[in-house]
Amino acid sequence: MSLLRLLPVLLAFGLLGAHFLRMGIDGGLVAAACAPLILLIRRRWAARAVQALLVGSAVFWLVSLARLASVRQEMGMGWGRLAAILVVVALGTAAAALSLESRSLRERYRRGGQSTTASVVAFLLTAVVLVFVQVKVARPMILAERFWVGGGWPTILGLSVYAAWINELLLDPARQAKIRSRIWLVFSMFFFAQLLLGLSGIEQMLMSGDLHLPVPAMIVGGPLYRGGGLFMPILFGVTVLLMGPAWCSYFCYIGAWDNQLSGARHPTNTSGPWHRRLRWITLVAVVALALALRLLGAPTWLAAVLGGGFGIVGVVIMVLWSRRTGTMAHCTWYCPIGLLATGLGKLSPHRIRLNDNCTACGLCSRACRYDALSSEDIARHRPGASCTLCGDCVGVCKHDAMGYRFGSLSPATSRAVFFVLVASFHAVCLAVARI
Ligand code: SF4
Ligand code: SF4
Ligand code: SF4
């Protein structure tokens, strides 16, 4: 019975697909054919996402009507019949969106109610950003588009669904730490797979053809040495402004390794004051060395060897210390970008805060791999400077004593805002993966 009620939806997407077929836009046809598959996900956000797509399609038909009518008018041709047909199609498409409000379908898609709004926002935010990139940027930025003209459209659909899905999972404090670890690892694997394929000769994987060393310190060191190449610093800066230091808990391609290696045991948080100062030393060293190499006109191979050496020392730290201490030693002691992320991250309004329910039990401290919850930090009701907003501590607190804050918003809304941004940015970065 419910499936029969989905017929208007299938028909609406079928018409849209036929339109793309006629226009020769294969990718649009594939996206329209795949859109109803979202309804296989029996969550309320999935039904809402399909409704949003149908409303968007209805608007698309009306915009097409205006465009075609003006062309026909200019050519002195009649457009009344065309207008009647397209208005009926637009109304039918809008009615298909309304059909998902029937009692049986609401019942079918009732699960996941609490996070519905946030997941739909993540879906729409991802879709809007990627449609803008697909339509407005002349050079094909979406990875699939570089191999198949029109391939950007199904990518946009798939990754918008991905954003909504991971947003729902991340909003569940009990599962968030595990999900974070997994999606971060997937993100890093995707990055390195793209790098290896690019190095093996598939040029589209590299986009600019301008390789940079996959060592985070080179986000600062690279442009200083080259005197240009600002893509990574800009990407880093945008992330930090939007999501604070979450670069270091959700997006960095190397930090995911430190997270995995430290994950073998519970954090012991053995950092002393000198550990925390070490990153200042590496930051000054990277900046000074990059500038010196540039001023001395050092060859690229020398800069690459030094940058690679810095990265290898980092891997050794992960293997020797992160694995043993359960703390992300590489990220909290060594990597200068972590220092910049946590420092500049204060410019964004996202925070983790403890409240008066806290009993100082210390459980959260044993979940923090960034060494940001010492007993002093807990007593002050705020994490230490190395907090990256990973959120792992929130799920372990049994007293509802800690959570995300964003200005004067409630903790629940603050959490939703943070994870909508994280999920959407994840999906957008996967779509436009660029090295
Ligand atoms: S500290 Fe460095 S390696 Fe670790 S996550 Fe941040 S940028 Fe990446
Ligand atoms: S787990 Fe909760 S109650 Fe215990 S110290 Fe942390 S914030 Fe306080
Ligand atoms: S204090 Fe909490 S949110 Fe901050 S780094 Fe530690 S576990 Fe992550």
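This is a predicted model: local features need pLDDT of at least 70, side-chain atom pairs count only at pLDDT 80 or more; totals for chains, interfaces and linings use all residues.
**View 1. The surroundings of ligand 1.** Look here for P216, C248, C252, I254, G255, D258, C331, C335, I337, G338 and A341, which surround ligand 1. Two helices, helix 13 (255-262) and helix 17 (336-344), each supply at least two residues of this shell. Helix 17 gives the most, with three residues. By class, the shell around ligand 1 is made of eight nonpolar, two polar and one charged residues.

**View 2. The whole protein, for orientation.** The C-alpha trace spans about 80 × 60 × 35 Å along its principal axes. Of the 435 residues, 43% count as buried. Among contacts between residues at least 6 apart in sequence, 75% join residues at least 24 apart.

**View 3. Helix 2 beside helix 3.** Helix 2 (residues 7-23) and helix 3 (residues 26-34) have axes that come within 8 Å and cross at roughly 170 degrees. The two helices are therefore roughly antiparallel to each other. From helix 2, the contact uses F13, L16, G17, F20 and L21, while helix 3 brings G28, L29, A32 and A33. Seven of the residues in this contact are nonpolar and two are polar, with no charged residues.

**View 4. A closer look at G28.** This glycine has its place in helix 3. Is G28 buried or partly exposed? G28 is partly exposed, because 19 other C-beta atoms lie within 10 Å, and a residue needs 20 or more to be buried. Setting aside residues up to four places away in sequence, G28 touches F20, G150 and W153. For a sense of scale, the C-alpha atoms of G28 and A367 are separated by 45 Å, and these two residues are 339 residues apart along the chain.

**View 5. Helix 4 against helix 5.** The axes of helix 4 (residues 44-74) and helix 5 (residues 80-99) come within 8 Å, crossing at roughly 170 degrees. That crossing makes helix 4 roughly antiparallel to helix 5. Among the residues that meet here are Q51, L54, W61 and R72 in helix 4 and L82, L86, T93 and A97 in helix 5. By class, the contact has 17 nonpolar, four polar and one charged residues.

**View 6. The largest nonpolar core.** This core has 117 residues, of which V50, F123 and V422 touch the most other members. Helix 20 (residues 411-431) gives the most to this core, with twelve residues. If you follow V422 and leave aside its neighbours within four places in sequence, you will meet its contacts L170, M243, A246 and Y250.

**View 7. Helix 10 and its packing partners.** In helix 10 (residues 218-226), the buried residues are M218, I219, G221, G222 and Y225. They pack against helix 11 (231-243), helix 14 (273-295), helix 15 (300-325) and helix 17. Just after helix 10 comes G227, with a positive phi of about 75 degrees.

View 8. Most residues other than glycine have a negative phi. H381 is not a glycine, yet has a positive phi of about 65 degrees. L389, also not a glycine, has a positive phi of about 65 degrees too. H381 lies in the loop between helix 18 (375-380) and helix 19 (392-396), and L389 is found in the loop between helix 18 and helix 19. What can be said of their surroundings? H381 is partly exposed, with 13 other C-beta atoms within 10 Å. L389 counts as buried, because it has 26 C-beta neighbours inside 10 Å.

Key
Residues are numbered from 1 along each chain as its sequence is written. Chains are lettered from A and ligands numbered from 1 in the order in which they are written. A residue is near a molecule or strand if its C-beta atom, placed from the backbone, lies within 6 Å of it. Helices (H or I, at least four residues) and strands (E, at least two) are DSSP runs, numbered from the N terminus. Ala, Val, Leu, Ile, Met, Phe, Trp, Tyr, Cys and Pro count as nonpolar, Asp, Glu, Lys and Arg as charged, and the others, Gly among them, as polar. Axes are lines fitted to C-alpha atoms, for helices over the stretch in contact, and angles run from 0 to 180 degrees between N-to-C directions. Angles under 35 degrees count as roughly parallel, over 145 as roughly antiparallel, 65 to 115 as roughly perpendicular and the rest as oblique. Two residues are in contact if their C-beta atoms, placed from the backbone, lie within 7 Å. A nonpolar core is a set of buried Ala, Val, Leu, Ile, Met, Phe, Trp, Tyr and Cys residues joined through C-beta atoms within 7 Å. A residue is buried if 20 or more other C-beta atoms lie within 10 Å of its own, exposed if 12 or fewer, and partly exposed in between; C-beta atoms are placed from the backbone.
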